[in-house]
Amino acid sequence: MLTHAATADPVYEFAAEVRAGLTQPLQKELPSKYLYDNVGSALFEVISVLPEYGLTRADERLLRRYAYEIVEQLPAPVVVAELGSGSGKKTRWILEALARRGRGRHTSYCPIEISPAALAMCRRELGDIDSVSIVGFEREYLDGLQEVAARREDGEHLLVLFLGSTIGNFDRPAGARFLREVRGILQPGDSLLLGTDLEKPLPQLLAAYDDPLGVTRSFNLNLLARINRELCANFNLHRFEHVAKFNPQARSVEMHLRSRCRQSVTIRGAGLSVGLLEGETIWTESSHKYSRGEVFQIAESTGFRCRAQWVDEEWLFSENLLIAE
């Protein structure tokens with residue numbers, strides 16, 4: 001079963017955030033969450049299997065190898081809420097481990113996504129798992145998590161999944177604020193399984209965000225195409241190029257769209273006309289990288305305790321089981 005709890009007015013919110021981002025005085029930007037419309041979600045699925053992008057495979061390897069070890073550390077019964085589920089493919093290992101441990105006990109899985117396409121993929125990918133019901137929330141992360149938490153019954157343990165490198169899309173202060181907000185929704189003893197991409201050699205990092213086939217370029221440019229489609233804009237995609245660069249101060253890989261010429265763009269749905277200089281960029285995404293020990297410090301500072309950490313040595317990626325204190 002998959003039900004949807006829809007956002008109030010996603011087009012209005014999209015327009016407002018595009019207007020706010022493109023009128024920033026120093027650096028134009030667009031929220032990375034809007035990369036994932038139907039086209040963007042499909043392109044990211046392709047990115048995840050590229051040889052240069054090992055993050056998704058590392059995430060899946062850890063979940064496949066350690067899913068039962070992870071769930072054995074949780075009390076029963078468990079409600080699973082996933083922030084940004086994508087297709088849900090890698091979540092299968094956790095849900096199947098819970099099903100085996102529960103021996104027929106019902107488990108609720110609540111993917112929280114702003115992309116209806118991703119929620120539909122979850123239904124196709126995970127709908128065959130016995131004793132698991134899927135209730136999808138077309139919501140922002142925290143709004144959806146609050147609703148899941150409010151619906152759980154007495155005695156149910158909440159496991160929040162925040163997999164992949166999504167926490168890396170926040171800068172470090174914003175990431176810490178977000179984790180504190182998650183902690184504020186949880187009860188003591190609830191848990192958060194947090195994926196973090198770890199520091200690695202610079203050539204390996206840059207290749208992951210600027211692949212030779214150009215799939216990441218298409219993924220990035222699709223954000224402008226989405227604004228054209230949904231907000232009646234006139235971005236000419238040929239006038240922009242994809243840029244991936246490393247920010248050593250932030251320890252992050254940044255994706256930008258760089259204007260090839262001086263130009264003006266009208267976005268009727270946002271009530272905005274914006275000018276760009278040649279070489280000026282629109283910042284679309286950051287992916288921050290962490291050290292292994294840093295996660296323990298972040299957990300302690302945000303109201304959690306890191307009970308266990310599993311590291312993939314092939315790509316240097318970690319899954320971290322945080323317990324709400």
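Student: What should I keep in mind about the numbering and the model?

Tutor: Residues are numbered from 1 along each chain as its sequence is written. The model is predicted, with local features needing pLDDT of at least 70 and side-chain atom pairs counting only at pLDDT 80 or more, while totals for chains, interfaces and linings use all residues; side-chain values use heavy atoms, with hydrogens and water left out.

Student: What makes α1 a helix, and how do you know that its span agrees with its 13 residues?

Tutor: Helices are DSSP runs of H or I with at least four residues, strands are runs of E with at least two, and both are numbered from the N terminus. The expected span is 1.5 Å times one less than the number of residues. For α1 (residues 10-22) that gives 18 Å, and the end C-alpha atoms are 18 Å apart, so the two agree.

Student: Which residues of α1 are called buried?

Tutor: Buried means under 20% relative accessible area, exposed over 50%, and partly exposed in between, using a 1.4 Å probe and protein chains only. In α1, Phe14, Ala15, Val18, Gly21 and Leu22 are buried. Their directions from the helix axis to the C-beta atoms define the arc. That arc is 135 degrees, so they line one face of the helix. What covers them, by contact (heavy atoms within 4.5 Å), includes α9 (215-231) and β12 (281-288).

Student: Why are the buried residues of α6 said to be on the same side?

Tutor: Leu142, Gly144, Leu145, Val148 and Ala149 are the buried ones in α6 (residues 141-151). They cover an arc of only 160 degrees around the axis, which puts them on the same side of α6. On the other side, Ala150 and Arg151 are exposed. The cover over the buried residues includes β3 (107-113), β6 and α7.

Student: Why is the pair Phe162 and Phe178 called tilted?

Tutor: Rings of Phe, Tyr and Trp (its six-membered ring) pair if their centres lie within 6.5 Å; planes under 30 degrees apart count as stacked, over 60 as edge-to-face and the rest as tilted. By this rule there are 12 aromatic pairs. Phe162 and Phe178 are 5.4 Å centre to centre with 35 degrees between the planes, hence tilted. The pair links Phe162 in β6 (residues 157-162) with Phe178 in α7 (residues 172-185), 16 residues apart. Both Phe162 and Phe178 are buried.

Student: What makes Arg172 count as sitting over the ring of Tyr290?

Tutor: NZ of Lys or CZ of Arg must be within 6 Å of the ring centre and within 35 degrees of the ring normal. The charged end of Arg172 passes, at 4.7 Å from the centre of the Tyr290 ring. Arg226 does likewise over the ring of Phe14, at 4.8 Å.

Student: How do you know that β8 and β9 pair?

Tutor: Two strands pair if DSSP finds at least two bridges between them. β8 and β9 (residues 252-259) have 8, in the antiparallel sense. One of the bridges joins Phe246 to Val253 in β9. β1 and β12 have 2 bridges, in the parallel sense.

Student: What makes β1 and β8 edge strands?

Tutor: The open sheet has 4 strands in the order β1-β12-β9-β8, with mixed pairing. β1 and β8 (240-247) each pair on one side only.

Student: Why is β12 described as largely enclosed?

Tutor: 7 of its 8 residues are buried, so the rest of the structure largely encloses β12.
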